[in-house]
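Dear colleague,

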Amino acid sequence: MSSVVLWVSCGAIENVNSLVGLAWSSSSCSARTQRRFKPCYRISFASGASAFSSAVVAEPSRSSVERVYEVVLRQAALVKEQSKRALDLDKPIEDDFANSNGDLLNAAYDRCGEVCAEYAKTFYLGTQLMTPERRKAIWAIYGIFSIECCCFGIDNLLCNAVWCRRTDELVDGPNASHITPMALDRWEQRLTDVFEGRPYDMYDAALSHTVSKYPVDIQPFKDMIEGMRMDLGKSRYNNFDELYLYCYYVAGTVGLMSVPVMGIAPESKASTESIYNAALALGIANQLTNILRDVGEDARRGRVYLPQDELAQAGLSDDDIFHGKVTDKWRKFMKGQIKRARMFFDEAEKGVAELNSASRWPVWASLLLYRQILDAIEANDYNNFTKRAYVGKVKKLLSLPSAYGISLLGPQKLATMVRR
């Protein structure tokens with residue numbers, strides 16, 4: 001169910017909270033002790049067990065927004081600390097590993113690019129405008145973690161898939177029935193080893209090299225795996241608070257992984273915390289769109305990702321979804337769900353200008369394309385039981401120049417020029 005998303009910048013946590021529509025304490029969240037970011041440029045190939053930190057876990061006394069915001073604060077603290085050292089993130093690292101294993105490392109990065117091009121053509125095209133160093137790092141986050149099938153003891157597993165996609169494939173792919181919580185534990189252990197400079201193979205080395213240069217926190221990666229654990233044992237969500245946390249796990253996390261590499265515009269006046277909090281907006285919006293698009297497909301797998309309390313308020317139940325009949329009640333319910341997803345997209349649009357100028361195009365492309373899926377659901381008369389909403393090739397091609405123009409001029413200036 002997870003989507004690959006980029007980041008955006010919107011307002012502070014209060015803005016996101018208003019979208020969620022929860023009533024939680026107005027007292028601000030305080031950051032817990034932050035892990036000090038220390039670049040580790042020397043990478044050694046080794047395997048071994050490491051203790052891994054706990055995911056953002058459910059705590060009844062606090063809302064999902066508050067719990068997730070702590071991860072945002074942690075990531076922002078890493079970026080702030082690195083900015084004080086004024087490192088040039090677009091300059092190649094000169095370290096022993098890169099110098100002695102340059103060909104191996106470049107081959108690993110190239111393979112990441114190939115995987116990215118295969119599974120996310122539009123996103124891959126957008127990365128071509130980024131600086132070479134940032135482009136390779138994004139490929140590593142998106143396209144690395146080529147896992148040996150024997151690591152999980154599973155045959156015919158898709159080994160060379162993107163890391164985020166690959167993690168999702170564990171529970172949503174063709175071999176999902178073979179995946180166990182123990183397999184996900186081993187996956188998380190391997191991730192921890194990579195972050196500590198102990199990659200298992202050349203593909204892992206690209207990600208290990210990337211996180212040694214950029215202030216990327218491991219927690220969003222671990223939280224994505226936690227989302228996969230949820231998919232193993234949870235098929236219903238009582239309310240939107242629970243669904244929000246799931247959306248963060250499987251999609252919002254990708255924004256937090258990507259922002260440190262994509263970079264923030266030097267002229268940005270927004271606070272680091274608000275920018276990283278804003279990175280969740282597009283992720284949540286994209287995942288909500290995935291859920292609304294895939295209602296019928298998920299129902300056939302026994303899953304319902306719609307808030308149970310909101311279904312009940314609309315006079316609907318799981319049986320209505322399993323029967324797959326479009327009624328007036330369903331149309332009204334879907335209109336409300338689509339409206340909420342669009343609110344997250346609206347917040348996302350406000351902050352794209354906070355990104356490094358070279359990184360904006362793939363963000364805008366992702367945002368525009370996913371918004372059109374909601375339009376397609378409406379065009380199908382809200383029949384997401386038997387009709388799959390999608391954006392055709394022609395519309396995709398037309399969206400690319402639009403996204404490029406917006407990334408250069410901004411939506412308002414571009415709209416003014418078009419009207420002229």
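Tyr237 is buried, with a relative accessible area of 0%, where buried means under 20%, exposed over 50% and partly exposed in between, using a 1.4 Å probe and protein chains only. Please note that this is a predicted model, in which local features need pLDDT of at least 70 and side-chain atom pairs count only at pLDDT 80 or more, while totals for chains, interfaces and linings use all residues. Residues are numbered from 1 along each chain as its sequence is written, and side-chain values use heavy atoms, with hydrogens and water left out.

Rings of Phe, Tyr and Trp (its six-membered ring) are paired if their centres lie within 6.5 Å, with planes under 30 degrees apart counted as stacked, over 60 as edge-to-face and the rest as tilted; the count comes to ten aromatic pairs. The rings of Tyr237 and Tyr305 are stacked, because their centres are 5.8 Å apart and their planes stand at 20°. Tyr305 is also buried, at 3% relative accessibility, and ring pairs link Tyr237, Tyr246 and Tyr305 into a cluster.

Two charges sit over rings, by the criterion that NZ of Lys or CZ of Arg is within 6 Å of the ring centre and within 35 degrees of the ring normal: Lys234 lies over the face of Tyr237, at 5.0 Å from the ring centre, and Arg340 over the face of Phe240, at 3.9 Å.

As for the cysteines, the structure holds zero disulfides, a disulfide being a pair of cysteine sulfur atoms within 2.5 Å. For Cys116, the nearest cysteine sulfur is that of Cys112, 9.0 Å away. Cys116 is buried, with a relative accessible area of 0%, and Cys247 is buried at 0%.

Best regards
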